[in-house]
Amino acid sequence: MIITKKRDFQELMENIKNYRSFFLIGCSECASLCGTGNQEAIDALTEALKAEGKEVTGGFVAKTGCQVLGTKIELKPFKDALDKTECILIMSCGAGTQAAVEIFEDKPVYATNDSLFLGNMTRFQMFDERCSLCGKCILDKTGGICPVTACPKGILNGPCGGCKDGKCEVSPDIKCAWVRIYERMKRLDRLQELCDTALEAKDWSASIKPRTLVTRPEKKEEKKK
């Protein structure tokens, strides 16, 4: 999931100071789990904006904020409220904000959140970064632990010389990713596999931006009879 946090309210107010009325759009997926795009967050921001003398014409929580067509369809019942608003506030990740930019070509769109990283929720609204979206996964060779992300240096064949007592030199709060990998591979009785495998230098071409992917099957033209 994409981890987001609320932007500083005064920073947000500075961004939108030239607008009077707003429509708020949240997201029922990642942002809701982060507490930055659920109905409670929309209600709280609505009250905060009204306290600043702003008008909120409406708001809703989109099923998937980054889905352009789906969100566009969901917005149809809110046509009157959208017509009355000067500015759209997106309470999701950067992808959701840019989806709104495609939908609202003639209205300014502002993000209320900062997008931080791709991570896992380990406890309620507690998040760890787990994946760097590098485009070429090596988890099958490292026991399911990603050194590209879990190691601050992204070392592919570790540990480095800074590891001490199983901890990373960057912070004593970080357990060395390669110690974690070693312990897991040992527990799985795969140590020899780890010893026999030297990871090649990372091919970063798989993560050159911007990337696109089409997964839907190609439509075959019907043969003319």
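Strands β6 and β7 form a hairpin with 2 residues between them, helices (H or I, at least four residues) and strands (E, at least two) being DSSP runs numbered from the N terminus. In the turn, Gln125 has a positive phi of about 55°. The model is predicted: local features need pLDDT of at least 70, side-chain atom pairs count only at pLDDT 80 or more, and totals for chains, interfaces and linings use all residues. Residues are numbered from 1 along each chain as its sequence is written, and side-chain values use heavy atoms, with hydrogens and water left out.

Two strands are taken to pair if DSSP finds at least two bridges between them. By this criterion, β6 (residues 113-123) is joined to β1 (residues 2-6) by 5 bridges, the two strands running antiparallel. Within this pairing, Ile2 stands opposite Leu118 in β6. Strand β6 is also joined by 5 bridges to β7 (residues 126-131), again in antiparallel fashion. Here Met121 has Phe127 in β7 as its bridge partner.

An open sheet of 4 strands is found with the order β3-β2-β4-β5 and parallel pairing. Its edge strands are β3 (55-62) and β5 (109-111), each of which pairs on one side only. From one strand to the next, the twist averages 20°. Helix α6 (residues 94-103) packs on the sheet and touches β4 and β5, and its direction makes about 175° with that of β5. Axes are lines fitted to C-alpha atoms, for helices over the stretch in contact, and angles run from 0 to 180 degrees between N-to-C directions. The parallel strands β4 (residues 87-90) and β5 are joined by 3 bridges, and Ile88 stands opposite Val109 in β5. In a regular strand the side chains alternate between the two faces of the sheet.

Thr97 lies in helix α6. With a relative accessibility of 11%, Thr97 counts as buried; the classes are buried under 20% relative accessible area, exposed over 50% and partly exposed in between (1.4 Å probe, protein chains only). When neighbours within four places in sequence are left aside, Thr97 is in contact (heavy atoms within 4.5 Å) with Ile90, Ser92, Val109 and Ala111.

In helix α8 (residues 177-187), the buried residues are Ala177, Trp178, Val179, Ile181 and Met185. The elements that cover them include α7 (147-150) and α9 (191-196). Just after α8, Asp189 takes a positive phi of about 60°.

Side chains of opposite charge can pair when their charged atoms come close. A salt bridge is defined as a side-chain nitrogen of Lys or Arg within 4 Å of a carboxyl oxygen of Asp or Glu, and a search of the whole structure finds 10 salt bridges. In one of them, the side chains of Arg20 and Glu55 meet at 2.6 Å, N to O. Arg20 lies in the loop between α1 (9-15) and β2 (21-27) and Glu55 in strand β3, so the pair ties together parts that are 35 residues apart in sequence. Arg20 is partly exposed, with a relative accessible area of 45%, and Glu55 is likewise partly exposed, at 35%.

Arg130 forms a salt bridge with Asp128, with the closest N and O atoms 3.6 Å apart. Arg130 is partly exposed, its relative accessible area being 39%, and Asp128 is partly exposed at 35%. Between Arg190 and Glu193, the closest N and O atoms of the salt bridge are 2.7 Å apart. Arg190 counts as partly exposed at 23% relative accessibility, as does Glu193 at 38%. A network of salt bridges links Arg7, Glu11 and Asp114.

Aromatic rings were also examined. Rings of Phe, Tyr and Trp (its six-membered ring) pair if their centres lie within 6.5 Å; planes under 30 degrees apart count as stacked, over 60 as edge-to-face and the rest as tilted. By this rule the count comes to 3 aromatic pairs. Tyr19 and Tyr110 form a tilted pair, at 5.9 Å centre to centre and with 55° between the planes. Since Tyr19 lies in the loop between α1 and β2 and Tyr110 in strand β5, the pair ties together parts that are 91 residues apart in sequence. Tyr19 counts as partly exposed at 22% relative accessibility, and Tyr110 is partly exposed at 23%. Phe23, Phe60 and Phe78 are linked into a cluster by ring pairs.
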